[in-house]
Amino acid sequence: MSMKKWTDEELVTTRDNLEALKNRADKGANSKLGLLTALIGALAISTGVAFIFLDGVDALSIILIVMGIITCASWLKNDKVRRDNITFLFEINKEIKSRKLDKSSKRANKADEQDLDPALKSRSNEGASGVEERK
């Protein structure tokens with residue numbers, strides 16, 4: 001996928017979305033939950049194998065092994081997607097730096113925030129006056 005044909009706005013929007021996704025994943029809860037999922041999958045596989053050795057081949061043992069394999073495979077897929085997103089974010093940042101968009105996008109974001117502030121202030125004032133009228 002060539003980012004040379006992308007517009008500046010598409011690059012900045014994609015970068016912002018990927019950074020938000022990365023920040024949400026880096027907060028800790030997702031990574032710990034992912035590792036717990038992988039651990040439970042490995043535990044299910046090993047328990048199924050142990051039951052086969054102790055009790056013989058049983059439907060429960062096969063089900064445990066299959067469920068463990070599915071759980072571990074889903075964790076591996078999610079981890080691969082996360083690593084691919086991080087790599088793609090790095091490439092997008094490199095393209096943005098080569099186009100020298102970093103400063104202009106920050107200026108545009110600050111201008112948008114300044115435009116939004118008066119609107120937010122007027123809405124909060126309207127809400128406050130509504131509360132005072134109810135009293």
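The sections below cover the basis of the model, the salt bridges and their accessibility.

## Basis

This is a predicted model, in which local features need pLDDT of at least 70 and side-chain atom pairs count only at pLDDT 80 or more, while totals for chains, interfaces and linings use all residues. Residues are numbered from 1 along each chain as its sequence is written, and side-chain values use heavy atoms, with hydrogens and water left out.

A salt bridge is a side-chain nitrogen of Lys or Arg within 4 Å of a carboxyl oxygen of Asp or Glu. The count by this rule is four.

D79 pairs with R83, with 3.3 Å between the closest N and O atoms. Both residues lie in helix α3 (residues 59-99), four residues apart, about one turn of the helix; helices are DSSP runs (H or I, at least four residues), numbered from the N terminus. D79, R82 and R83 are linked in a network of salt bridges. D79 is buried at 19% relative accessible area, and R83 is partly exposed at 43%; buried means under 20%, exposed over 50%, and partly exposed in between (1.4 Å probe, protein chains only).

D84 and K80 form a salt bridge with closest N and O atoms 3.0 Å apart. These two also lie in helix α3, four residues apart. D84 is partly exposed at 39% relative accessibility, and K80 is partly exposed at 46%.

## The R15–D16 pair

R15 forms a salt bridge with D16, and their closest N and O atoms are 3.5 Å apart. R15 counts as buried at 8% relative accessibility, whereas D16 counts as partly exposed at 30%.
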